[in-house]
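Here is a briefing on selected local features. Please keep the sequence and the model in view.

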Amino acid sequence: MEYRIEISTLPKWHDARGGAVIKQVSDYFEITLSDVKTRDVYTISADINDEEAANIAEELTNSVLQKGVVGETKLDDYNWLVAVGFMPGVTDNVGRSAHEAVGDILGRKLLDDEFVFSSVEYMITAENLSRKDIEHIAKDLLANELIESIAIFAKDEVDTTDLPLNFPAMPDAESGIVNTYNLEVSDEELVEISRKGTLALTLDEMKVIQNYFRKAKNREKYGLTANPTDVELEVLAQTWSEHCKHKIFDAEIDYEDENGNKEHIVSCYKSFIKKSTHEIGEEVDWLVSVFHDNAGIVKFNDKFDIAYKVETHNSPSALDPYGGAMTGIVGVNRDPLGTGRGCELLINVWGYCLGSPFTPGKDVPEGLLHPRRLRDGIHKGIIDGGNQSGIPYGIGWEYFEERYLGKPLVYCGTVGLIPTKIGGTPGHEKSIEPGDLVVMSGGRIGKDGIHGATFSSEELHSDSPVQAVQIGDPITQKKMGDFIREARDADLYRFITDNGAGGLSSSIGEMAEHSGGCRMDLAKAPVKYAGLQPWEILVSEAQERMSFAVPPENIEEFRRLAEQRDVEITVLGEFTDDGKFHMQYNEKTVACIDIEFMHSGLPRMQLTAKWMPPVNVEPELPSDDKLEEDFLTMLGRLNVCSDEYKARQYDHEVKGLSVIKPFVGKERDVLSDATVTMAEQLSKEGIILSAGILPRYSDIDTYHMMASVIDLAIRKIIAVGGKPEGIAGLDNFCWPDPVKSEKTPDGEYKLAQLVRANKALYDYTKAFQTPCVSGKDSMKNDSIMGGKKISIPPTVLFSAIAKMDDVSKSISLDAKFAGDDVYIIGTTKKELGGSEFFAMLGYIGNDVPKVDAKLAKATYRAVNVITESELAHSLHTPAIGGLATGFAKVAMGGRLGLDIDLSAVPAESGLTIHELLFSESNSRFIMTASQENAAKIAEILKDIPFAKVGSVTEKQELNLNGANIAIPISNLVEKYKSTLAGV
Amino acid sequence: MATTVKTLIITGYGLNCEKETAKAFEICGSETSQIHLNDLLDKQYALEDFHILVFIGGFSFGDHLGAGTVFANRIKYRFQKDLEKFVADGKLIIGICNGFQTLSRLGLVPALNGEYFVQTAALAHNDSTLFRDDWVNLKAEPASPCIFTKSIDKLKLPIRHGEGKFVADETVMKEIEEKNLVALRYCTENGDSDCSFPDNPNGSINNIAGICDETGRIFGLMPHPEAFLSPFNAPDWQAKKMSGKLPKEGEGVIFFKNAVEYIKNNF
């Protein structure tokens, strides 16, 4: 029997969800709605009677707040009803929880063919809106049509008929279909096969595959013909996708600089990133596992090592910001979960590059989501994903630039702890023996997330596949994570990895390399509904799944524990050593490829790169009398101002480990340089996290952009009390397509930008002894929409992680005591190229900030002596917005005044006041300290450029002598907080 | 011989504060067991072997269908008898955040006139409609019978929730106040409990942050004392340390100390 159960807020309480819709409709569309009432609707299709249905309605209702009824209530006083449900086959998390609750109430588990579907109905009161207006609100706010269904009714339609039941069951369909491809066709047809199948394989790659199948032996022994099956082509497409294989970073590049000097580079990854890390690894003893696992591992103490991984989830978030971002964070959680033999998840990080949320609607190309909606959805996805997983966030940031309109960058990362020893062997080591069972755990497989890996290896275009969108369920994953920790500690499996891009095809494909082969029956995989073909099962990126190698003698115990924890596990086959990636469906072979060919058969790309430094126009600097206005405007700019309204929606206190918080100061409202988190409850040792990102510098020279982000991330670690030794880095490259083609005529320049960034990465990670332990690249961040191509600026996020030996010595940026001295450490130069100030004037300029690594290292060592000796009361490192922003943050943080003599600031000669205050020169600090420590501090800093430039005052005023301005702290705070207040 | 105080922390299904909650009881001298709900329902462990039961924070079942709903439902249908006995035995129950939401759904607080398992109060969506993580000032009510808040005057704790607005019908609210069942209220920095957002982070009626049952042995609260065990958790610890005023432990410890002491003295 089918029942509709309706739960609504009692009229005497505020309908919070309805209120939120009114606000968003007003914010997004400037449309005023008089009222919005909402209700949750559950469609139950199960073997139950009326009495049981009534009881279910009663139990699901919070009687103090809500009213629940079976059937449909007709309301008065509204104009439109919008019903939003899920499309068939889309994960319905609320429906799934309701399914469990109904089972508890009935005292029996619901069967697989008994369903509970959730939907939401909005009753909108707005006198003057047409159906078209309501459609606009429904499509552009209430629902995402890629995954949700919308039904709109006028009140009189609802009054005269029953609302249709929300019943998005998948229609029955045939499963197990395998097609073969004839590759003995023309080049054009080969390209067409790739394009049609979203395989993202080039002609050259298709020809390599064609050649492989021409020569493949013994296929008939497996019941296969010479033609590859769709399963085989899909496996190769996933394995060889830019997303999984990093073809551009592995390419052979002929690079030529502006003077005609030529260089042949075989793989940027190997020649620069890996090379630096390996060379540093010869000299330091704290690199435990780098580059070959899902996350890099560094030594922490005798009990634990730390793993850290940062990912991007740009393409999925562009299509469905909420779902895309959520699968980003729960997806990157699975990286440490699948690193070594499985980490405990400790801290999340997030950061987004976006177009301005205030972009006029007319400036957004047709087919792209408005950046405000993108931003709201992305935040909400990571907020829900992180909070529900019980993982605090360490650092979060946003960077705004108009070129991210085409593609938002969504960075998310996770720090994990892994025991140094599990069951007597090192926790980071894992292995697979032939005969071990292939086991999958977690959510069931559906059509969601098919072609995620290959679609993100292309630019965003109008027919990007909608099924690439996935929905995450943090609770399913949390249950699985809890189960994994128990199974790990009982030493029940030998190997674990996550199922991410490319699904089982990638995870089992990579695992099979360890044993030398695998055989797996795809018909055994648990599916959400009928109608999935073998290739779809293999490449689906359905969420919350991990893959294991379990020794046969442990499988019963592994299964028992999983059942007890409500986690589904399935044995899909076994690992072998026959060299084959062997897939069956009901024991019939559907794919058989040599592992060697899968992983090493792809020829290197051959590319050329040509560097020519751009020459940009220099702006005319404003007159000194505009300084106060410019100062305040800067503080309110999107890249400087506070995004606390959003940030406070993320949990940063769960686990009780936070020491230096994301927002610091007397009123807890100034963004910290970095954060410090205890490694365990009440531990003395902590973990410092920081990040550097400066995409505008790329418009001048990516070499100095890269040098600057490395320096920025490192000096932020120093700024909270960290030491310069033992910092590990993570590089996340997001680039526009750097391969020259018809679509990308400037590919050689963009590739030269990539080479230069890599050169700087090598030079500066080496100089600082800050090796990259993990990284990721995303190389196709362009959009072609509404007839307009938008490419992001070349962007590198450099994330740093370090150990804090004693968290009680960590330090925040806010001034603490009136009477303290204010110091500037480091030299300010005329370096405003790519600065926020030049951007404010509408220019790029040419004098990009550079890094003097030798001096920077000496500075960081000296500053660390000061923090270790607890001589400083506050410490801050200025970056975007220069000293102007820096002074403001120190003063606002402490709600104390600063009296500064600008002529005392150590600087190159000849700088104007504007240049002095807004230059973004690297490697500088603003410090406050007690006067009585002045002599000690001077001794420690004797070889470093520094000066005492003023003092902290009771007077609530930032007084800049030399600029003749004195700004009340309250004005600074007002400017800093108003831009994104409530946004 | 002194009683060994035993604390049971229920885990699983999206709950997530087990580690810090266990630490809180352990530093106060209690043994703790973190037990998955399924193992408890399957009778692998007996509730009667414990003195203190903790419903911890987290997102049981993702807060789908309203915070605490699905979890409380499962307990009600499969564990009510054991809980009734536990309450009748005079033992202690604390529900923190999601645990408080579960206690209210189960009707274990305020349970006016000893009527347990009848829901009369609820935790609704915050007025802002948003999840919020911040530190708040709290004032304990000296007249409350609550065991957990004994000797507390004012303190700071972190809050982190989207559904923390305490509501009840007027008559229920009147009785809660008359019987002094409000144990904790949000207040301003100066201790004034006449406050508004952000001091009262969710719009709770009468600025209620935590209530108990009439025995004072069952206590639910939205703030997280288990997340303030270390003095270095405080948002303002540096200025305190630099002026030599840093306390030895976090302000959240006292709740757990009170509970463990009570069991030691009564069992």
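B:Pro198 sits in the loop between strand S9 (182-187) and strand S10 (208-212) of chain B. Helices (H or I, at least four residues) and strands (E, at least two) are DSSP runs, numbered from the N terminus. This is a predicted model, in which local features need pLDDT of at least 70, side-chain atom pairs count only at pLDDT 80 or more, and totals for chains, interfaces and linings use all residues. Residues are numbered from 1 along each chain as its sequence is written, chains are lettered from A and ligands numbered from 1 in the order in which they are written, and side-chain values use heavy atoms, with hydrogens and water left out.

**Backbone: cis peptides and positive phi**

- The peptide bond between B:Phe197 and B:Pro198 is cis, with omega about 0 degrees.
- A cis peptide bond also links B:Val109 to B:Pro110, and its omega is about -10 degrees.
- B:Pro110 belongs to the loop between helix H4 (98-106) and strand S5 (121-124) of chain B.
- The loop between H4 and S5 of chain B also holds B:Phe117.
- B:Phe117 is not a glycine, yet its phi is positive, at about 65 degrees.
- B:Phe117 counts as buried, at 15% relative accessibility. Buried means under 20% relative accessible area, exposed over 50%, and partly exposed in between (1.4 Å probe, protein chains only).
- In chain A, A:Glu870 has a positive phi near 55 degrees.
- A:Glu870 lies in the loop between helix H25 (853-868) and strand S36 (874-876) of chain A, and is partly exposed at 43% relative accessible area.
- For context, most residues other than glycine have a negative phi, and most peptide bonds are trans.

**Cysteines**

- How many disulfides does the structure hold over all chains? The count is zero. A disulfide here is a pair of cysteine sulfur atoms within 2.5 Å.
- The sulfur of A:Cys412 is too far for a bond, because the closest cysteine sulfur, in A:Cys734, is 11 Å away.
- A:Cys412 is buried, at 1% relative accessibility.
- B:Cys17 is in no disulfide either; the nearest cysteine sulfur, in B:Cys97, is 7.1 Å away.
- B:Cys17 is likewise buried, with 1% relative accessibility.

**Salt bridges**

- Over all chains, 90 salt bridges are counted. The rule asks for a side-chain nitrogen of Lys or Arg within 4 Å of a carboxyl oxygen of Asp or Glu.
- B:Arg74 pairs with A:Glu100 in a salt bridge, with 2.7 Å between the closest N and O atoms.
- That pair crosses between chains: B:Arg74 is in helix H3 (residues 69-88) of chain B, and A:Glu100 is in helix H3 (residues 93-106) of chain A.
- B:Arg74 and A:Glu100 are both buried.
- A:Lys270 and A:Asp250 form a salt bridge at 3.7 Å, N to O.
- A:Lys270 is partly exposed at 43%, and A:Asp250 is partly exposed at 24%.
- A:Glu868 meets A:Lys809 in a salt bridge of 3.5 Å, N to O.
- A:Glu868 lies in helix H25 of chain A and A:Lys809 in the loop between strand S34 (795-804) and strand S35 (821-825), so the pair joins parts 59 residues apart in sequence.
- A:Glu868 is partly exposed at 34% relative accessibility, as is A:Lys809 at 21%.
- Salt bridges with shared partners link A:Glu644, A:Arg648, A:Arg668, B:Arg132 and B:Asp134 into one network.
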